[in-house]
Amino acid sequence: MVVGDISTGTEVLVIGAGPGGYVAAIRAGQLGLDVTLVEKDAYGGTCLNYGCIPSKAMITASDLAYDASHAEDMGIYTKLDVNYGEMVEWKDGVVSQLTGGVEKLCKANGVTLMEGRAEFADENSVRVVHEGEGQGSETVEFEQAIISTGSRPIEIPGFEFDGEHVLDSRQALAMEDVPESIVIVGAGYIGMELAGVFAKLGSDVTVVEMLDSVLPAYEDDLARPVKKKADELGIDFHFGQAAKEWEESGDGITVMTEDEDGEVSEFGAEKVLVAVGRQPVTDTLNLEDAGIETDEMGFIETDDRARTEKDHIYAIGDVAGEPMLAHKASKEGQVAAEVIAGEPSALDYQAMPAAVFTDPEIGTVGLTEDEAEEQGFEPVVGRFPFQASGRALTTGHAEGFVRIVADEPSGFVLGAQIVGPEASELVAELGLAIEMGATLEDVAATVHTHPTLSEAVMECAENALGHAIHTLNR
Amino acid sequence: MVVGDISTGTEVLVIGAGPGGYVAAIRAGQLGLDVTLVEKDAYGGTCLNYGCIPSKAMITASDLAYDASHAEDMGIYTKLDVNYGEMVEWKDGVVSQLTGGVEKLCKANGVTLMEGRAEFADENSVRVVHEGEGQGSETVEFEQAIISTGSRPIEIPGFEFDGEHVLDSRQALAMEDVPESIVIVGAGYIGMELAGVFAKLGSDVTVVEMLDSVLPAYEDDLARPVKKKADELGIDFHFGQAAKEWEESGDGITVMTEDEDGEVSEFGAEKVLVAVGRQPVTDTLNLEDAGIETDEMGFIETDDRARTEKDHIYAIGDVAGEPMLAHKASKEGQVAAEVIAGEPSALDYQAMPAAVFTDPEIGTVGLTEDEAEEQGFEPVVGRFPFQASGRALTTGHAEGFVRIVADEPSGFVLGAQIVGPEASELVAELGLAIEMGATLEDVAATVHTHPTLSEAVMECAENALGHAIHTLNR
Amino acid sequence: AEETETPEGRVFAAPSARRLARELGVDIASVEGTGPSGRVSEHDVRAAAESATESEAEEESEAVESEPADSGPATETGTAGGTGATTAAAPAQVE
Ligand SMILES: Cc1cc2nc3c(=O)[nH]c(=O)nc-3n(C[C@H](O)[C@H](O)[C@H](O)COP(=O)(O)OP(=O)(O)OC[C@H]3O[C@@H](n4cnc5c(N)ncnc54)[C@H](O)[C@@H]3O)c2cc1C
Ligand SMILES: Cc1cc2nc3c(=O)[nH]c(=O)nc-3n(C[C@H](O)[C@H](O)[C@H](O)COP(=O)(O)OP(=O)(O)OC[C@H]3O[C@@H](n4cnc5c(N)ncnc54)[C@H](O)[C@@H]3O)c2cc1C
């Protein structure tokens, strides 16, 4: 048979095996559908291979090294030696265990795996191009398709990623050595997470940010403890600075930035990491041939069943719009698969949590006080500082607070913002509270184990009701 | 005025300032009642001074030391030196910050603090005896009283606590040096938590237990990972052994135990810690004079408003029966105060969580599968191993699992058992689920942040429903 | 039949109740919630589905409700009321 001539068919075609696509494929398989999952690079997508998982692994490892060597107050004196190469190897081991698991789970659920890059031929078929010379391509016909091609880092003009001097987050997570010094462009969550890793491992870190604060997407009081700790780590911040160009100088580089008055600053370092955001991968799919348009940002518009303008084509995850988060991708993947299988599923969640794995962590879910007000609620706000938490003090990490936003007349919990130890875990209970239509009283009346950080959630609800025990009430 | 002649009156008298008593006093103060809190020793009771807080502080610190020096796989090489005295000082600092806080919060909520030991004179007054020669006593009349005198460690005949060779948990947490070797009698949660601390700090630890497993109060599969890790730490276990006597020998001691066949074993060590359980402190209160009886174990019986057989006298916390847990004490304290203030409160919680801060942690809430069956439910069980959790793998702690027990026909979540990283925190969400009458579907449909350990809770619910993504389903 | 007057038409109901509403073809925004602060329970959804079936039987021709149904998947079956009311309820999306 001539290469490029093969043609197969599938009930459901999933394009891209990130946390959107592989979850959709597995769920579709569970529901008895005939599914084919096409991936051009690596199972698990950005998240498992280059994003969430490697970054969190490096964060844990660098935290451990840092905490152990800063525990003299606990009577712990350490002489510490970090072999960065081995740390990266360990991280790679975690990644391959997980991506191997994804592949196995796909197969166990009856998903047909196909390697290659898919592009639409028409509304009911794609061409799957295999990498490498003479590997050819094949045509796959589908009844329904799920687009889950994810996102890629945005490049700033003049800062093309070269993997040597100018890095994206993926390359930064794969370096063989800790850089002696690094400039990070962008103080969003990816920039701030990696700034912490490198600073804790001994790099001189400089962060330049166009806006005027760290984590501009978050409320000021949530970002403040992160900034404070970053200052303690010696991270050097320059706000209101746009990265303009860079040049080699000696062993390293010089990065030139400009403020709004056009004044230029220069920062020398070994490398520069550009982390200024991500954009959807929708320009390499021949979407036009499927009759699907994208918005001006490149996102595909979808409805509450994850359907595009073509009823039989779904889009999920980063390509389907903000927030670009792995668990949003997975949720949409599940719903898309269930809708295709005829189940009464919909994207009707009330709240989408988000976490930033900085030191301290940030976790948010649902509405802020301002958003609640804008939506016509009469917000009441509870607050509980971790300084008043016995458990937090026993861990030596007692910065930050829990905040709960509720509707005063009804008592319904609407949102929560947490900065502090295990914030990423603590939002889970409040996510459930929001989905369940729980009231402040429900959260306050639930017995929480002592001594745990989760007691702070309960006391925060009590504080909103005016009767916390371990803090003075508003 | 002659000492012993003072007489005062109060609306609500609270006896004992542990997590039961001080919480009751604060809540009563918030509700506008005139409250007096009598404490003979230290604000915060057993929990803050000698129990939950110091043990958890020592656990965190020893975990950090241990984890950092066992992280070669992460490329972290440590030469570590622990100054135990400084570790204890740090722990004491945490304790005094918290107990100072309790005192301040009591005052801020209008609670009158009184130092001394209270005993009933009659049904409406106590004598408060001040410590020390010639300090005298005073009589306090009350309208309502709350008994929260807590518990003390049980002594085994022949093993009187002397603070030098034979220690209770309180003394063990206050030693100036790590013992080179220690025998721990009792593999319950207190014994196992402290066994971990000492083993991680370098002691030779021997645990002797009368029953045939560690943590006999917990299901086998929950205890197993704890035993496994303890074995790895080199802790030496001897089951089916009753401690009989001890004698000094050289610098240390020899502990003699006997198995059920009467065979004697000997264990040499520097010290022996006896942790075989706790008993209520109700024998020093002249309870008869208040007309209150205790059961054969010494506990005071109470109803669902925390009232004793005398309608105006309440009993809360460890004196009011199992489970002897700080958060149970606090909950009962809140309810007692609210009932006294005329609020429609009751002890109507559906589930009382519990945690064991071993390595790995255990967290439980609500019913086990067996209990659910006994109560007439048709249990369905979901399970999710932390080996399948991305977040767990990135922390290097991926042992254990989450289990959820639900009623199959209705879907209602009835209980959960977790062993693994942050198990003590992860039960919080499931506690809320149980209190809210949430179903498996509700927990499964709630979006959980990636990558977090709390995703394991969601996937466990999905597993019970037959459609977890990251594990094969039953 | 609309009761739960919350801002932006937000309905407070557990995920299982929302799903049941879609399954039964009930617009959850129009269900009267009998839970605390008007929270909508599965029971409320079933009651709404039943009364919808009844009133439908009585007055066949009464005009469509102001809230048009979202174009749910045609695959949805097993609806209690069959034809009329709505195929799939528009879930109260918080935009
Ligand atoms: C450093 C970093 C840290 C992050 N941390 C977090 C975090 O902690 N939590 C969180 O929620 N999110 C995090 N994210 C974001 C997260 O990675 C994304 O939101 C998530 O991966 C989106 O999933 P997806 O399935 O939409 O796309 P992706 O994961 O991007 O997967 C898309 C897949 O499609 C494949 N593909 C693309 N085009 C084609 C084609 N034409 N044919 C075949 N295959 C194709 C790609 O190779 C890729 O494997 C992080 C991202 C980065 C970069
Ligand atoms: C090592 C250890 C670890 C523990 N870890 C945990 C844990 O992690 N989580 C958990 O939930 N529980 C834990 N516990 C148990 C917890 O400490 C108790 O359940 C809790 O302290 C009970 O609170 P209480 O208020 O009933 O009594 P207590 O805390 O015992 O307080 C009673 C107070 O009353 C005072 N008192 C007694 N008699 C009189 C009198 N006649 N007059 C005046 N004052 C009097 C005492 O001095 C004491 O301060 C632990 C216990 C120990 C020993």
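**Ligand 2 and its surroundings in a predicted model**

Q: How far does a polar side-chain atom of Asp318(B) lie from an oxygen atom of ligand 2?
A: The model is predicted, and the distance is therefore a computed one. A contact of this kind is counted when two N or O atoms lie within 3.5 Å of each other. Between an oxygen atom of ligand 2 and a polar side-chain atom of Asp318(B), the separation is 2.9 Å.

Q: Which residue has a backbone N or O atom 3.3 Å from an oxygen atom of ligand 2?
A: Met324(B) places a polar backbone atom 3.3 Å from an oxygen atom of the ligand. A backbone N or O atom at 3.3 Å from a ligand oxygen atom is also found in Leu325(B).

Q: How much of the accessible area of ligand 2 does the protein cover?
A: On its own, ligand 2 has 1000 Å² of accessible area.

Q: Which element gives the most residues to the shell around ligand 2?
A: Several elements of chain B give two or more residues to this shell, among them β2 (35-39), α3 (52-68) and α8 (326-340). With 4 residues, the element that gives the most is α2(B).

Q: Between which domains of chain B does ligand 2 lie, and why?
A: Ligand 2 is located between chains A and B, and the closest of the 42 residues surrounding it include His450(A) and Glu39(B). Within chain B, two domains both give residues to the shell, so the ligand lies between domain 1 (8-153 + 279-341) and domain 2 (166-276).

Q: How many residues of the shell around ligand 2 are charged?
A: The shell holds 18 nonpolar and 17 polar residues. The charged residues in the shell number 7.

Note on methods:
Residues numbered from 1 in each chain as written. Chains lettered and ligands numbered in written order. Predicted model: local features only at pLDDT ≥ 70, side-chain atom pairs only at ≥ 80, totals over all residues. Heavy atoms only, no water. Near = heavy atom within 4 Å. Polar contact = N/O pair within 3.5 Å; in protein donor to acceptor, adjacent residues only side chain to side chain. Areas by Shrake-Rupley, 256 points an atom, 1.4 Å probe, with all protein chains shown as cover. Nonpolar A, V, L, I, M, F, W, Y, C, P; charged D, E, K, R; others polar. Domains from an automatic or database assignment.
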